[in-house]
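Work through these exercises with the model open beside you. Try each task before you read its solution.

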Amino acid sequence: MNRPILGSLGRNIQKLRMAKSLSLSQLAQDAGLAKSNLSRIEQGDGNPTLETIWRLAVQLDVPFGDLVASVESPLGENGVQVRLIDQGNDNPRVDVYWMSCAPNTIKQSEPHIAGTTEAITLISGKLLAGENDNLRYLDIGKTHTFAADVPHRYQTDDSWATLMMVITYAKQADVKQDDTKQDLLS
């Protein structure tokens, strides 16, 4: 990731951490990171993987999109590129992503926030995806919805795959007016 992307991501993580009254040490420990690594990420000097960003989102109990909301370029590594397309503000929260996977890629994803589902629609290529114990081959134009609060993965064959991913978070019983997201977008 380039410096402006890292700076924006770091500021978002720091604002959310502080809004939740979490110390740097506590968030680092909860996310399984070294405190020094989290500090570098927040300062825009680190180079976090997508999985690290997801773990931070889970520990902060926020959608992944809240961390990358102001990042306009695709994020990625190891043959996978992800870009936030749009975020909903309703209850439940719904985020939409574009994702591209290089040939012969296996993208293993850790569980997201409890109650999260993913619906993926294949745009091009071939893809095997879903919960680890219930993978499905997708045909172009077809959608597969699965629980994303369990380990899941995306796997390509010898061709590129492009897909749209709609992530729906669990409906919140007691929704409070939260200015954190608005602060991140400012």
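Two strands pair if DSSP finds at least two bridges between them. Helices (H or I, at least four residues) and strands (E, at least two) are DSSP runs, numbered from the N terminus. The model is predicted: local features need pLDDT of at least 70, side-chain atom pairs count only at pLDDT 80 or more, and totals for chains, interfaces and linings use all residues. Residues are numbered from 1 along each chain as its sequence is written, and side-chain values use heavy atoms, with hydrogens and water left out.

**Exercise 1. Two hairpins**

Find how many residues separate strand 1 from strand 2, and strand 2 from strand 3.

Solution. 
- Step 1: Start with strand 1 (residues 75-77) and strand 2 (residues 80-87). Three bridges pair them in the antiparallel sense. Leu 75 is opposite Val 82 in strand 2.
- Step 2: Look at the turn. Two residues lie between strand 1 and strand 2 in this hairpin, and Asn 78 in the turn has a positive phi of about 50 degrees.
- Step 3: Move on to strand 3 (residues 94-101). Strand 2 pairs with it over seven bridges, again antiparallel. Val 80 has Cys 101 in strand 3 as its bridge partner.
- Step 4: Read the second gap. The hairpin of strand 2 and strand 3 has six residues between them.

**Exercise 2. Salt bridges**

How many salt bridges are there? Locate the partners of Glu 42 and Lys 107.

Solution. 
- Step 1: Apply the rule. A side-chain nitrogen of Lys or Arg must lie within 4 Å of a carboxyl oxygen of Asp or Glu. The count is five salt bridges.
- Step 2: Take Glu 42. Its side chain meets that of Arg 17 at 2.7 Å, N to O. The pair links distant parts of the chain: Glu 42 is in helix 3 (residues 35-42) and Arg 17 in helix 1 (residues 3-19), 25 residues apart.
- Step 3: Take Lys 107. Glu 51 is its partner, with the closest N and O atoms 2.4 Å apart. Lys 107 sits in strand 4 (residues 106-109) and Glu 51 in helix 4 (residues 50-60), 56 residues apart.
- Step 4: Shared partners join Asp 66, Arg 93 and Asp 95 into one network.

**Exercise 3. Thr 52**

Is Thr 52 buried or exposed? What does its side chain contact?

Solution. 
- Step 1: Buried means under 20% relative accessible area, exposed over 50%, partly exposed in between (1.4 Å probe, protein chains only).
- Step 2: Classify. Thr 52 lies in helix 4. It counts as buried because its relative accessibility is 9%.
- Step 3: Find the polar contact (a pair of N or O atoms within 3.5 Å; within protein, one must be able to donate a hydrogen and the other to accept it, and residues adjacent in sequence count only if both atoms are side-chain atoms). The Thr 52 side chain makes one with the side chain of Thr 49, at 3.0 Å.
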